[in-house]
Amino acid sequence: MEILVILTALLLSFSLYPLYKLFDQWRNRGGYLIDYVNFRPSDDREIPTEFCESIVRRNKRLGLEEYRFLLRIIVSSDIGEHTYGPRNIVEGREDSPTHGDSLLEMDECFFGTLDALFARTGFAPTDVDALVLNVSMFCLAPSLSARIVNRYRMREDVKVFNLSGMGCSASLISQQDIQQY
């Protein structure tokens, strides 16, 4: 009698397993990467290695140890001849950046990239269901996601995941957020 109960339980579990797999697939619907665009700044913002060294040298707050440390970082970080930097650093204004500098850099990066993405895919901003904004540094104001939603006049019901201040781990968390969406 015990063998009959065990066999019945095994048959029942094997028959319910495909139903569980279907439910699991429905529950964990994935997001799809349709296309992507890399941001490439204009050539006037290129920072070759020699110029990078001159940027470090012109900083009067660095002592000998900090100078050595930064030079080691430059050498070991694979900064090549096609590395780009913010406009205020290229123009020598790193001691006094303005709020306008940061807004210009953000607009240039986000809007230029999104314009190219929408043009390549043929999707309209109103087709977007979820916006995951991943910024490694903490940015309190302005709300970067609000700037994007307002600029492109996205739908009111767009799901916004604003990840900021998480450093490099934000990319892993954004993958989880979009999968749960």
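## Report on a predicted chain and its aromatic cluster

Of the 181 residues of the chain, 19% count as buried, where buried means under 20% relative accessible area, exposed over 50% and partly exposed in between, with a 1.4 Å probe and protein chains only. The model is predicted, and local features need pLDDT of at least 70, side-chain atom pairs count only at pLDDT 80 or more, and totals for chains, interfaces and linings use all residues. Residues are numbered from 1 along each chain as its sequence is written, and side-chain values use heavy atoms, with hydrogens and water left out.

**Overall architecture.** The chain has seven helices and two strands; these are DSSP runs numbered from the N terminus, with helices (H or I) of at least four residues and strands (E) of at least two. Read from the N terminus, the order of the elements is α-α-α-α-α-β-α-β-α. Among contacts with a separation of 6 or more, 73% join residues 24 or more positions apart, a contact being heavy atoms within 4.5 Å. The chain exposes about 13,400 Å², of which carbon and sulfur atoms supply 60%; accessible areas come from the Shrake-Rupley method with a 1.4 Å probe, and for residues only the protein chains shown count as cover.

**The nonpolar cores.** In soluble globular proteins, nonpolar side chains tend to be buried together. A nonpolar core is a set of buried Ala, Val, Leu, Ile, Met, Phe, Trp, Tyr and Cys residues joined through side-chain atoms within 4.5 Å. The largest core of this chain has 14 residues, and Phe118, Ile148, Tyr152 and Met154 touch the most other members. At least two residues each come from helix H5 (99-121), strand S1 (130-135) and helix H6 (144-151). The greatest share, four residues, is given by H5. Apart from this core lies another of five residues, including Ile47, Cys52, Ile55 and Ile74.

**Helix H6.** The buried residues in H6 are Leu144, Ser145, Ile148 and Val149. They cover an arc of only 130 degrees around the axis, which puts them on the same side of H6; the arc is that of the directions from the helix axis to the C-beta atoms. Their cover includes H5, S1 and strand S2 (159-164).

**Tyr152 and its partners.** Tyr152 lies in the loop between H6 and S2 and counts as buried, at 11% relative accessibility. Leaving aside neighbours within four places in sequence, Tyr152 is in contact with Phe110, Phe111, Leu114, Asp115, Phe118 and Pro125.

A search of the whole structure finds two aromatic pairs. Rings of Phe, Tyr and Trp (its six-membered ring) pair if their centres lie within 6.5 Å; planes under 30 degrees apart count as stacked, over 60 as edge-to-face and the rest as tilted.

| Pair | Centre to centre | Angle between planes | Class |
|---|---|---|---|
| Phe111 and Tyr152 | 5.9 Å | 80 degrees | edge-to-face |
| Phe118 and Tyr152 | 5.4 Å | 65 degrees | edge-to-face |

Phe118 lies in helix H5 and Tyr152 in the loop between H6 and S2, so their pair ties together parts that are 34 residues apart in sequence. Phe111, Phe118 and Tyr152 form one aromatic cluster.

Asp101 lies in helix H5 and is buried, with a relative accessible area of 17%. Its side chain makes a polar contact of 2.8 Å with the side chain of Arg93. Such a contact is a pair of N or O atoms within 3.5 Å; within protein, one must be able to donate a hydrogen and the other to accept it, and residues adjacent in sequence count only if both atoms are side-chain atoms.
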